[in-house]
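Please examine the model shown below together with its sequence. The paragraphs that follow lead through selected local features.

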Amino acid sequence: MNLLFLSVTSTLLCVAIAFIFKYLSLLRWISGHAYVLSKRRESFSILELLDLFKNVKPFPISCQKGWKIDSYAHGHRIWFNFLTFPHNLNAPSIKVYAAFDRVKSSSQGFLQVLKDIGQSCEWKPGVISTSHIHTQALAKSSKPHRGIPSMAVQVDCVKEEMLNTGESRFGLQSFDSWYTENVVSTVSVESKRFWHREDNGVCWLLQMNEPLQTCEFYLIQPVQEIDHCLVSIVTWSRKTTRSSVNKASILLSSLEEYIALRRLKKTPLINITLPQDLSDSDIESSDSSPENESMKNSDSPGVFLHDSHTSSSIKAAACTDILKYSSILKYRSKSAHFSPLHAANTGSESSSDGHSAEQQPGALKKALQRSVSEGSALKGSQLLADDVEDVGLESKEHIYTEPPSDNVSEADLKLARYRTVSNQCAAEIMAEALRASNIDLELSPDQQAAASGGWQFSAFDKNIVVLKKLPRNSSTVQSYIGKGFVLAPPRTVWDAVRNPRTRFTYDDTLKKVDIIETLDNAMKIVYFYHESLHFLTKESCDMCILHGERQEGDKFILTYFSLEHDKCPSFPHVTRAKVLQSGWIIEPAKQDNQVYSIVTYIMQVDFGDSTDGSENLPFQEMISSAPLSIADLQQYLKPAVQMLRRKSLT
């Protein structure tokens with residue numbers, strides 16, 4: 001009887017234990033801790049995880065492969081699954097999370113974004129900087145496919161400087177508000193990466209941090225559309241948190257946005273216009289000083305000298321700026337003692353004789369007088385320019401419509417006509433530069449225009465003085481002059497400017513250059529095509545010009561003038577611009593035993609009248625920024641200057 005009781009009791013106990021084990025296993029599977037009764041592994045290597053993805057084959061992500069939806073975040077479904085290591089019975093299953101979506105990019109291009117650590121800071125959240133530790137290649141990953149050897153699996157180690165999102169209980173940052181507001185805490189994370197492109201075009205990349213036991217697996221599969229691919233991201237972390245659950249969706253959303261916007265063509269922000277009716281308190285609290293802001297508007301800086309409401313500090317700054325701008329315009333004047341290359345931006349000490357800024361307006365009149373000793377080449381050009389204002393192509397027709405001589409060939413006569421136009425153009429731009437240099441910046445804009453043939457101060461930007469010419473009699477000609485220093489010898493600047501193809505480097509609106517005909521070693525016929533963005537619409541214009549080169553003493557002169565040519569036909573929807581007397585003047589400027597260049601850029605272009613009924617003329621924004629090409633030319637010539645300095649030292 002006792003034996004029967006023991007047998008029944010043991011049987012019931014075994015059944016109860018079996019049910020308990022089954023129930024606990026089910027609960028642990030639901031909570032993501034299945035197979036915990038097996039031996040626990042503390043860490044895995046990147047090769048073990050790569051072998052896991054290879055043998056388990058958890059793709060595509062769907063219910064048929066055992067995936068379940070955990071949540072929805074950042075525009076994607078977040079899936080989870082349990083993956084069991086096939087060759088290690090003692091290893092537990094790991095719970096991974098995944099997200100997938102179609103991305104508008106080729107699989108090869110997407111892989112290039114992933115493996116290029118230089119782009120990680122653009123799309124990967126929390127990454128501040130990246131660097132390579134070392135790079136190597138493993139053995140070939142698979143057998144040859146149809147006689148073509150497989151590519152080797154690429155391996156490297158990267159270090160990512162990431163934001164430290166963990167909060168410290170101890171230390172300065174726990175109680176110092178300044179530390180939390182001004183100090184960005186970071187942590188360095190080193191990871192190993194494997195990536196490869198399979199024979200069928202499928203690409204993958206595995207990145208793992210073995211000390212922290214976190215990994216990311218990217219699978220990129222080509223789809224039917226040529227420029228699309230299916231991207232699946234699987235993440236795993238030893239410590240399961242809400243951020244680790246959403247990590248796959250966050251990475252996928254950030255990558256999609258980066259790829260969609262990285263090649264988006266946008267209109268650049270060139271300037272921010274400040275309100276005109278700022279009060280005195282607003283101006284004083286502004287980050288930019290009134291001395292600097294006042295010189296960048298279209299009003300003459302001399303207005304501040306005669307305004308009774310202007311403070312003494314602003315008048316002193318205006319005097320300094322007037323002297324600086326005038327020294328650029330009148331750099332060869334005998335009475336100009338101000339050094340334009342070392343001009344101070346602010347301060348009350350604006351002269352070398354020690355007088356205060358309050359006494360400068362009266363003394364400036366003598367210092368700003370222009371010397372007329374500009375060379376014998378300007379004597380005739382001054383008389384010519386005084387008689388002819390805003391000369392166009394039509395007023396020059398009588399010069400080259402004379403009947404050909406019997407002793408001169410048509411080609412020689414044509415060349416002589418072009419040379420005559422080029423010489424007259426050179427004389428007129430030198431006369432315009434002379435008139436513009438005589439501007440008295442103490443006067444009002446209207447007085448400046450009356451005394452200089454229409455030129456008046458427009459702006460000072462990037463150390464370039466910009467002048468604008470007022471149109472006469474409803475003329476549509478837009479005329480601008482830019483003058484500034486280039487820290488390079490005149491010959492270096494001349495070699496850069498005289499080559500039409502280098503114009504791309506300092507004119508971002510230029511899209512095409514063609515040398516139609518080379519007349520001789522000093523004249524060419526050149527075609528320019530420009531594009532400009534205006535209110536998200538693209539406008540295009542072109543011009544066919546006579547490109548002339550000449551040297552007057554120590555000056556280099558490059559001239560532009562429009563003409564008609566059989567190989568330069570007009571195109572529909574492209575505005576044909578008429579270039580009047582325009583070009584470059586490059587002169588030497590000595591400073592500190594060095595020879596630099598003073599560069600004058602004159603542009604006089606007629607694009608016709610406005611077609612949309614607006615007050616602004618066509619391409620006004622493009623032509624008004626043309627004088628700033630001098631500053632871009634300075635940036636382009638920096639390597640050349642450094643090379644010349646190295647040669648002089650050796």
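With which side chain does the side chain of Ser-71 make a polar contact? The partner is the side chain of Arg-242, at 3.0 Å; a polar contact is a pair of N or O atoms within 3.5 Å, where within protein one must be able to donate a hydrogen and the other to accept it, and residues adjacent in sequence count only if both atoms are side-chain atoms. The model is a predicted one, in which local features need pLDDT of at least 70 and side-chain atom pairs count only at pLDDT 80 or more, whereas totals for chains, interfaces and linings use all residues. Residues are numbered from 1 along each chain as its sequence is written, and side-chain values use heavy atoms, with hydrogens and water left out.

Ser-71 belongs to strand 1 (residues 68-73). Helices (H or I, at least four residues) and strands (E, at least two) are DSSP runs, numbered from the N terminus. Setting aside residues up to four places away in sequence, Ser-71 touches His-76, Arg-77, Ile-78, Arg-242 and Asn-246, contact being defined as heavy atoms within 4.5 Å.

The loop between helix 2 and strand 1 holds Lys-57 and Pro-60.

Helix 2 itself spans residues 46-56, and its buried residues are Ile-46, Leu-49, Leu-52 and Phe-53. Here, buried means under 20% relative accessible area, exposed means over 50%, and partly exposed lies in between (1.4 Å probe, protein chains only). Viewed down the helix axis, the buried residues of helix 2 fall within an arc of 115 degrees, so they line one face of the helix; the arc is that of the directions from the helix axis to the C-beta atoms. An α-helix has 3.6 residues a turn, so residues three or four places apart point the same way. On the other side of helix 2, Leu-47 and Lys-54 are exposed. The buried residues of helix 2 pack against strand 2 (76-83), strand 3 (94-103), strand 6 (186-197), strand 7 (203-209), strand 8 (214-222) and strand 9 (229-237).

The whole structure contains 20 salt bridges, each a side-chain nitrogen of Lys or Arg within 4 Å of a carboxyl oxygen of Asp or Glu. In one of them, Glu-216 pairs with Lys-247, the closest N and O atoms being 3.0 Å apart. Glu-216 lies in strand 8 and Lys-247 in helix 6 (residues 242-261), so the pair ties together parts that are 31 residues apart in sequence. Glu-216 is buried, with a relative accessible area of 7%, whereas Lys-247 is partly exposed at 27%.

A salt bridge between Arg-435 and Glu-432 has an N to O distance of 2.8 Å. These two residues are 3 residues apart in helix 13 (residues 410-437), a separation of about one helical turn. Arg-435 is buried at 10% relative accessibility, and Glu-432 is buried at 6%. Asp-514 forms a salt bridge with Lys-512, with the closest N and O atoms 3.7 Å apart. Asp-514 is partly exposed, with a relative accessible area of 29%, and Lys-512 is partly exposed at 41%. Salt bridges that share partners also join Lys-124, Glu-160, Glu-216 and Lys-247 into one network.

Attention now turns to the nonpolar interior. A nonpolar core is a set of buried Ala, Val, Leu, Ile, Met, Phe, Trp, Tyr and Cys residues joined through side-chain atoms within 4.5 Å. In the largest such core, of 38 residues, Val-493, Val-497, Trp-584, Phe-607 and Leu-633 touch the most other members. Apart from it lies another core, of 36 residues, among them Tyr-325, Ile-429, Ile-557 and Ile-598.

Not counting residues up to four places away in sequence, the contacts of Phe-607 include Cys-541, Pro-618 and Phe-619. Phe-619 lies in the loop between strand 20 (594-606) and helix 16 (620-624). Phe-619 has a positive phi of about 60 degrees although it is not a glycine, and is buried, with a relative accessible area of 7%.

Finally, Pro-500 is placed in the loop between helix 15 (490-498) and strand 13 (510-520) and counts as buried at 5% relative accessibility. Leaving aside neighbours within four places in sequence, Pro-500 is in contact with Val-513, Ile-515, Val-526, Phe-528 and His-547. Pro-500 and His-547 are 47 residues apart in sequence and 8.8 Å apart in space, C-alpha to C-alpha.
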